[in-house]
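Please keep the sequence and the model in view while reading.

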Amino acid sequence: MISHRDNNTQRIAALDERAEALKLKRGMGIADARAMHPSIDVVEADAEADRRLLEGLADWCDRYTPLVAIDGEDGLFLDVTGCTHLFGGERAMQDEILTRFFQQGFDVRAGLASTPGAAWAAARFHGDRIVAGGEEEALLSPLPLSALRIAPETRIRLESVGLRTAGAVMAAPRAPLARRFGATLLLRLDQALGRLDEAVSPRLPVAPLSVERHLAEPVVLTDDIERLVSRLAVALKSDLERRGEGARALALLLFRVDGAVSRIAVGTSRPLREPTLIRRLFHERLAALEQDIDAGFGFDLVRLSVLSVAAFDMLQGDLTGEVSDDDADIALFADRIRARLGEAAVLKPVVVESHLPERAVAIVPFAEAPQRRMPPNRPGRSAPPMTIYPPERPVRLFRSPEPIEVPATEMPEGPPMNFRWRRALYRVARAEGPERIAAEWWRKLPGEEEAPTRDYYRIEDSEGRRYWLYRQGLYGASQTSPRWFMHGVFA
């Protein structure tokens, strides 16, 4: 038996057939059960482990339909609309599911109907039944009120007035039922009978494109999996070409014969649909996860899904038939590194709309960086667009400017003659500037003091090293003297 704590009392949460034969029931106190049968074996419930197991079973059921939802603590909803013919019909599909679960050591009950409510009742109260369309009322009529999936307090109130079956509720006038027991009762009834639609929300998003291969002989080796990826990618390519799209995120699902499922996902920085490139990405990912993927007795189903798509821009080839794209090799290299080492392995600086040096650039993952695009050619415009050259910035910009000591300057508003930084004295040979940068006044909060103005100088010392430093504040603008800071180095 499985026990759980309910209001500071240990009660029976689940029990097997032998315990039921001893007249024990779910919800009975453990103390009462031990008083009746002192030798019973009781195990404490582990809700988190049960949840993980149920999610694993839901993953395994993806082989039948991508629309799998978790129902409570011990149930699954599978929307198999349009999928049953792939397995030989409704009866063949249900028998296969029950057989496979039994081989894995699970005692499973299943029901198939045109409505989720009727299927739920067929599974819970019959165990193995297929309800044809229009037979929902005949199925529900003799069943107890719990078959309607109503709250326990509502069920108790209905039983107190003599309504003990779903058929009795169906025969009763609807208006008094709604006034006395609420609209939820009639909602559940109408959903089960098909008068109102009931949506099944899948636990995972449904991929817009998927291809799969059922294998007569399970595969174990990584090389075999990569070859299957290539074949599946070829099938995906035609669908992507027809839609004019490319894949931005792909997932490889490996269904093991004993029920375990491995999900392997890769992302692309640019829309992709070339099978060779897709195989390279999964080669890197499989190499990184080789120690974590347990093939067991092999995988008998392999599925390749496109999780995210984007418009695929066609490029014009030259006379030799080759397409010139300088960024393609860099993007593929970055994608392969990310597939092996993770999303944060490759970062890219991007320009931000701010004139302050520490805010002008942000470091983002390579896939999230905006792609460089050529401006469209417009008729009537023959002149090339004007090129704007940004101001020169150092190769290395410090995260936080470091204070320096400036003993003297050529003039109050001029560059320093020498400075001390990190306990070393540097003599200035050449200087260029200033480049004045004021604070962003629109970011200043009400009542906050405005940040001082900065005057930046490019400095070269006597040994040829170049630095980027600035003076914060102006002479005579306040009672405090300006301060000097080192913000970066050029070389």
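In this predicted model, the largest nonpolar core has 30 residues. Those with the most contacts inside this core are Ile 225, Leu 250, Leu 252, Phe 282 and Leu 304. Two or more residues are contributed by each of the helices α11 (222-243), α12 (275-288) and α13 (326-341), and likewise by the strands β8 (209-219), β9 (245-256), β10 (261-272) and β11 (299-311). Helix α11 gives the most, with seven residues.

Leu 304 illustrates how these contacts are arranged. Leaving aside residues up to four places away in sequence, Leu 304 touches Leu 209, Ser 210, Val 211, Val 229, Leu 232, Ala 233, Leu 236, Leu 250, Ala 251, Leu 252 and Phe 282.

Gln 191 belongs to helix α10, which spans residues 183-193. Gln 191 counts as buried because its relative accessibility is 10%, under the cut-off of 20%. Its side chain makes a polar contact of 3.4 Å with the side chain of Arg 188. Beyond four places away in sequence, Gln 191 touches Thr 115, Arg 149, Leu 196, Asp 197 and Glu 198.

Ile 363 is located in strand β13, residues 361-365. With a relative accessibility of 53%, Ile 363 counts as exposed, since the cut-off for that class is over 50%. Together with Leu 347 and Val 361, Ile 363 makes a nonpolar surface patch of about 270 Å².

Technical notes: Residues are numbered from 1 along each chain as its sequence is written. This is a predicted model: local features need pLDDT of at least 70, side-chain atom pairs count only at pLDDT 80 or more; totals for chains, interfaces and linings use all residues. Side-chain values use heavy atoms; hydrogens and water are left out. Helices (H or I, at least four residues) and strands (E, at least two) are DSSP runs, numbered from the N terminus. Buried means under 20% relative accessible area, exposed over 50%, partly exposed in between (1.4 Å probe, protein chains only). A polar contact is a pair of N or O atoms within 3.5 Å; within protein, one must be able to donate a hydrogen and the other to accept it, and residues adjacent in sequence count only if both atoms are side-chain atoms. Contact means heavy atoms within 4.5 Å. Patches are made of residues with over 30% relative accessible area and no salt bridge: like charges are joined within 9 Å, nonpolar side chains (Val, Leu, Ile, Met, Phe, Trp, Tyr) within 5 Å. Accessible areas come from the Shrake-Rupley method with a 1.4 Å probe; for residues, only the protein chains shown count as cover. A salt bridge is a side-chain nitrogen of Lys or Arg within 4 Å of a carboxyl oxygen of Asp or Glu. A nonpolar core is a set of buried Ala, Val, Leu, Ile, Met, Phe, Trp, Tyr and Cys residues joined through side-chain atoms within 4.5 Å.
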